[in-house]
Amino acid sequence: MHEMKKVTLGWMAIVLVLFPILLLLGIFMRAVQANGLANAEEWFYPFMTLHGVGMVGVWYVGAMACAERVIARYTGSNDGLSYVAMGGTVAGVVLLLVCVLGGKFASGWYFLYPLPFKGTWPIWSATTFLLAMTVMGAAWLVWSLGLLVGIARKYSLSHALGWHYIGGATEPDVPPAVIITTVSLLAAVASLLAGVVVLVFFFVELLFGIRSDALLMKNLTFFFGHVLVNLSLYLGVAVIYDVLPEYAGRPWKANKIVAISWNSVLAIVLMAYAHHLYMDFVQPTSLQYLGQIASYASSLPPAVVTIFGALTLVFHAKMRWTLASGMFFLALMGWAIGGVGAVIDSTIAVNAKFHNTLWVPAHFHTYMLEGLVLMVLGYFYHYVQEHTRIPESGLVRILTLGLFVIGGYGFLATFYLSGANSVPRRFATYPAEVAHGATDSAVGVMFAALFLLGLVVFTASALRRWFRASSDG
Amino acid sequence: MRHTSLWIGISMMLLAPAVWADASDGQRIFQQSCAACHTVGEGKRLGPDLEGVTKTRDSAWLNRWIREPDKMIAEGDAIAVRLLNEYGRVPMPNLGLNAEQADAVIAFLASGSGAALPAAATGIAHPEPPTGEGRGSVQNTASIAFLAITAIIVLVFLYVARSTGNPMPVDVQKAYKLRRVFFISGLVIVVGLLATTLFTTPYPDAAGTPDRVVHVTTLQFNFVFTQEPVASAQDLQTAGRIGNLELPVGSTVEFRVTSLDTTHGFGIYSPQGAVYAQTQAMPGYTNRLRVKFSEPGVYSVLCMEYCGAAHHLMKTVFTVRNDDHA
Ligand code: HEM
Ligand SMILES: [Cu+2]
Ligand SMILES: [Cu+2]
């Protein structure tokens, strides 16, 4: 029986507490869009900001906490580092709550320059928001660098990236989780550094009144956001590479193909961000083409190596189906489906119609809600379940997975349908042109409530194991 | 249904901009600068319903408030602060109007014609705002492709999950062979799709000249069409505002889109309610969007980049006409 790490239980608690709150904010937004909460409309954009930043942050730290625990098997662990990140995250959340609840700050999750300075909210709330981002960004940068140092203590960089496999060697044995985590952490450093530059420009304007270039800021902002969201998923995938074999009873090893695949992912994901700027016609056209080529290219390695690999791992395996392994399997499917939605939208000609419609939240909610969320919650559950071995109820398993699938995909379908029907994203209520968006929203609320129900069932059984594990630990 | 009256109200608001041409100055300014947040007799939106406001407030106060609400709030004007608190602490923005323009709006508010706005339109037959399916051919193709690939993914996952009911060793060499086939066919599809779609872009090429250039300036929470380019709020007065934009069918129009404050989106909706073309409106840059209008009708413009509290209310319309008098 493995040792319980308090810090991982701590991260698990943070995720289990914040997720339902943020999810309720999501349901609130959908209800406003359905014209169901006429008097609360003024809270739509502040809560959209809280929901967006909160969700992106929660699932990034959740994925980091899981990957950190998984690679600790090979590299040793550094709990102090993790606590520093936790302190920074909690401080950031508090600042975020202050600026949104106290100042109605509402710049949206990626705070596109210069909106934070041009809003109906007071300037102190914008400053507080930027401080929240700074505190979290700094803590996460330290966390990523610290984990990289930990990996470097055990493996040389070229081994950690699996370059010896590419060169034809089969030794030393480096677990795929280590390779993928290294790739993800390098991407994290790049992303967070871009975020830091954005923040510095904001503070320079705040303090000295020097304005920034809107196009440059947009490139930096989307580089930051795009890479952060994608690498969070890669961390989740690293965890699956490590844990799914335990359930399938077969090994899943790194080799030449796996190494090539993840190294190319690192290069491609850094370029694909350009698909967010297709509708900025002043952006150099060569970058637009690069955006589409990189986005298309980024679909091949995960599909051919990771998804294909996971499917062969499970194919005719003596699979131990549990809540955790079921969630991992579904998570890979959600990642794939969301990825298809993303690649379609990364076609410039399609983006001209889909950009900033609900198709965008549709696809990223697919790989987050039906992908990363299941990976992270699945791993946390696996972690406490392996320790406590409380017998799992088949009913709870069916109920949880069923509600996650039906509630989640039903909710997502309303986003896709609205997006295909030209309903713009981030509209508190819908004008006559796109009034059908309100009907979709009402249906979305009902399905999201089913997902929430699934989450309640899941949380009840996860918490039972959490309490048992922490009293044993 | 209890929302019906709300919807009628909102649709009337949306119809209203079409009547600028024949309305007074004050009405036009109201539609352009105030209607995103206020109605006259249709209930409150982001700000109060302004019906009867000329009776409850004196005209000097009103004139100053409409010109510089930010200063009055900063000075702690008692009424201003009370209103601010009442309206969720969303402050009314300074819209850069001068004293005459403020008087014109006040005159319009005092005339009490607000509630009857759309009905008061004379001359122009009411153009219906776009309402319909909202899907063009690109949207249809993309949705079908998405559904088809999703169905395949789901079936494969189901098939693999079911196979675990019958455990047996798998032949790794066979799997690798299949992977190679999968990779090569994937590569062919990706390269093929890139070759066919990559160069279909909305970016204006150097060759060819548009039939007409229209300058579009965005600012919280309006779109303003002008004859001349606009670089600052002052230019708005002199750049030749086009109150009622009409374009001949079959023409190619170049919209030169910029912003005076934060980033907005210039999203054109077809008469069927589908996104027709769009570009971003960025401060300090001008995006040139060329659009050929092959179908007559009323096109709406919605903001396609989140820009703050009244983002979803920011809109305008223009008309593409069949005849050649435009
Ligand atoms: C059932 C659960 C959820 C519901 C009901 C929900 C609902 C919503 C809604 C209604 C919006 C606004 C859409 C628009 O009109 O633009 C939104 C935006 C967003 N959601 Fe969720 N969501 C859920 C889960 C998640 C998860 C798991 C994530 C993880 C990353 C997430 C991240 C975001 C982000 C980043 C935005 C964009 C915010 C912005 O535009 O600034 N959501 N969500
Ligand atoms: Cu992206
Ligand atoms: Cu907007």
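The side chains of Thr197(B) and Gln292(A) are joined by a polar contact of 2.9 Å. A polar contact is a pair of N or O atoms within 3.5 Å; within protein, one must be able to donate a hydrogen and the other to accept it, and residues adjacent in sequence count only if both atoms are side-chain atoms. The model is predicted: local features need pLDDT of at least 70, side-chain atom pairs count only at pLDDT 80 or more, and totals for chains, interfaces and linings use all residues. Residues are numbered from 1 along each chain as its sequence is written, chains are lettered from A and ligands numbered from 1 in the order in which they are written, and side-chain values use heavy atoms, with hydrogens and water left out.

Thr197(B) lies in helix H9 (residues 172-197) of chain B. Helices are DSSP runs (H or I, at least four residues), numbered from the N terminus. Thr197(B) is buried, at 18% relative accessible area; buried means under 20% (1.4 Å probe, protein chains only). Not counting residues up to four places away in sequence, Thr197(B) touches Gln292(A), Tyr296(A) and Thr347(A). Contact here means heavy atoms within 4.5 Å.

Ile348(A) is placed in helix H13 of chain A. Its relative accessibility is 0%, so Ile348(A) counts as buried. Beyond its neighbours within four places in sequence, Ile348(A) contacts residues of chain A, including Met279(A) and Gln292(A), and residues of chain B, including Leu198(B) and Tyr203(B). Ile348(A) and Met279(A) are 69 residues apart along the chain, with 8.7 Å between their C-alpha atoms.

The interface of the two chains was examined next. In total, 88 residues of chain A are in contact with 87 residues of chain B. The chains bury about 7600 Å² between them, 69% of it on carbon and sulfur atoms. Buried area is the accessible area (1.4 Å probe) that two parts lose on being put together, summed over both. In chain A, Phe281(A), His316(A) and Glu433(A) lose the most area to chain B, together 11% of what that side buries. The rule finds 2 salt bridges across the interface. A salt bridge is a side-chain nitrogen of Lys or Arg within 4 Å of a carboxyl oxygen of Asp or Glu. Glu305(B) and Arg426(A) meet in a salt bridge of 3.6 Å, N to O.

Among the 26 residues around ligand 1, Gln33(A), His51(A), Trp109(A), His365(A) and Arg426(A) come nearest; a residue is near if one of its heavy atoms lies within 4 Å. A polar side-chain atom of Arg426(A) is 2.5 Å from an oxygen atom of ligand 1. A backbone N or O atom of Trp109(A) lies 2.8 Å from a ligand oxygen atom. An N or O atom in the side chain of His365(A) is 2.7 Å from a nitrogen atom of ligand 1.

Chain A also shows backbone exceptions. Most residues other than glycine have a negative phi, and most peptide bonds are trans. The bond from Tyr113(A) to Pro114(A) is cis, with omega near -5°. A cis peptide bond also joins Glu171(A) and Pro172(A), with omega about -10°. Asn356(A), not a glycine, has a positive phi of about 55°. Asn356(A) lies in the loop between H13 and H14 and is buried, at 5% relative accessible area. Phi of Ser422(A) is positive, near 70°, and Ser422(A) is buried at 0%.

Terms used:
Helix = DSSP H or I, 4+ residues; strand = E, 2+ residues; numbered from the N terminus. Buried < 20%, exposed > 50% of the residue type's maximum accessible area, 1.4 Å probe, protein only.
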